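Try each task before reading its solution.

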Amino acid sequence: MTIKGKAYIAGIYEHPTRHAPDKSTAQLHAEVAKGAIEDAGLTKADIDGYFCAGDAPGGVMPMVDYLGLKVRHFDSTDTGGCSYLVHLGHAAEAIAAGKCSIALVTLAGKPRTGPMPPRSSGAEADFELAYGATTHNVYGMCAMRHMHDYGTTSEQLAWIKVAASHHAQYNPHAMLKEVVTVEDVLNSPMISDPLHRMDCCVVTDGGGAMIVTTPEIAKSLKKPLVRLIGHGEAMKGPRGGKDLDLTYSAGVWSGPRAFEEAGVTPKDIKYASIYDSFTITVLMQLEDIGFCKKGEGGKFVADGNLISGVGKLPFNTDGGGLCSNHPVNRGGMTKILEAVRQLRGEAHPKVQVKNCDLAIAHGTGGLLGVRHAASTCILERV
Amino acid sequence: MADAKKYPTPVTNPETSAFWEAAKQGKFMIKRCTACGEPHYFPRSICPFCFSDKTVWEEASGEAVIYTFSLMRKSATGPYAIAYVTLKEGPSLQTNIVDCDMDKLKIGQKLKVVWQPTDGAPLPFFTPV
């Protein structure tokens, strides 16, 4: 049993807002749902599957009621920012099994307008909560150890932000459109060593949505055909504290599974959407899913290698989470959306990859240095 | 300063209460599985490695080294050093390094456990030796 080629992404929509004090979170979900349904050329009544995560107010039952959906399949798996990359894989499984035929996946929220609810915790609460783990300092700890073990430098990390900024200048909706240099990144204030402010992603209100459907229905619609040909997911945590190693992520397991199912290798990939909550997130993911050897990510990302039209692996050509959008502090959805734009040939002409027929969208969710999930999706233009 | 900081009181539960009772005596406890021999932290009743229920409490030395750390430059309660430290007995755990010159911390640096008060049982932290 494989999901290879059994599900197509027929509709996408990214909300243009980056600050939405005048809208409700549920309203943003509805607006992105409407956008994706219209992009596919479908109507709401066609939707028979719905996927959402922890950002959906009240969870899946209130959302289905609010949106006025009638569904026969639903899934509210929450693995933080990569939830939507997990949902894409799960939607493909459900479609392949005949459990639904047109699935809607939504993400939306307003962290820029107001504070987010605290992260929930598990059995570890008494043993960890007092120590003030935040996204910044936990990813900082990953970067600190990566530098110690492999000689990775702040200059190399800065190149990731520089590449994202080169792409963001062409995205009219990007929150940060200014092209920056390695020196700009190094001169930005230290937030949590060794990560500077420009090593961190933006905080934005907004959202995105996609429609996942069967090959037959996708072919009956008018959009260029984009299908999922491989998916992998995995989790990693400190697991009792044995052999702790913060220099790799669960991507070391999700990536190979996805490539094996797709029957392709990292060398075949023309465009990569890589989750960029921080620069170190990108560097570790590129190593973990096989674009370079472990420890060689610093050399791989340096000197513009991730800039479209310049380097060997164009990444996050919308400007990514580092410059454009990181709605609800969850970047998985926008990773899929830009990969689909590239495969459709709908990216900005200045960053569109020529003959882009194979792309990857990969992300992690939760806290990379603590408990996290990873999901890898390999997408093909038909 | 770390000493003035108000830390949350451990909620505790039947599975972990022995840890917090020992903490009140200044003893830092870990769990060890007598079936596979592996120690682990934080404590579970069932071994996370071999899934045996033959786990026992063991007093740890309180000695550790820094695996990694990050200096949180700004927060509502001031700067702090978060870290993963590796105990002499093997397991690594998340903590803060306190009573130290934060700019001189280094991976591999030797530490010992120190306790900070809460309204209930004290919490374990680490400081350079």
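**Exercise 1.** Find what share of the contacts in chain A between residues at least 6 apart in sequence join residues at least 24 apart.

Solution. Start with the contact rule: the C-beta atoms of two residues, placed from the backbone, lie within 7 Å. Take the contacts in chain A between residues at least 6 apart in sequence; 77% of them join residues at least 24 apart. This is a predicted model, in which local features need pLDDT of at least 70, side-chain atom pairs count only at pLDDT 80 or more, and totals for chains, interfaces and linings use all residues. Residues are numbered from 1 along each chain as its sequence is written, while chains are lettered from A and ligands numbered from 1 in the order in which they are written.

**Exercise 2.** Work out whether the radius of gyration of chain A agrees or disagrees with that of a compact globule.

Solution. The radius is taken over C-alpha atoms, and the globule rule is 2.2 Å times the number of residues to the power 0.38. For 382 residues the rule gives a value near 21 Å; chain A has 19 Å, which agrees. Next, the box: the C-alpha atoms of chain A fill roughly 55 × 50 × 45 Å along the principal axes.

**Exercise 3.** Describe the order and pairing of the 3 strands in the open sheet of chain B.

Solution. Strands are DSSP runs (E, at least two residues), numbered from the N terminus, and two of them pair if DSSP finds at least two bridges between them. The order is 2-1-3, with antiparallel pairing. Strand 2 (39-40) and strand 3 (55-59) of chain B each have a single partner strand, so they stand at the edges. Finally, strand 1 (residues 29-33) of chain B pairs with strand 3 over 5 bridges, and B:Lys31 stands opposite B:Trp57.

Note on methods. Helices (H or I, at least four residues) and strands (E, at least two) are DSSP runs, numbered from the N terminus.
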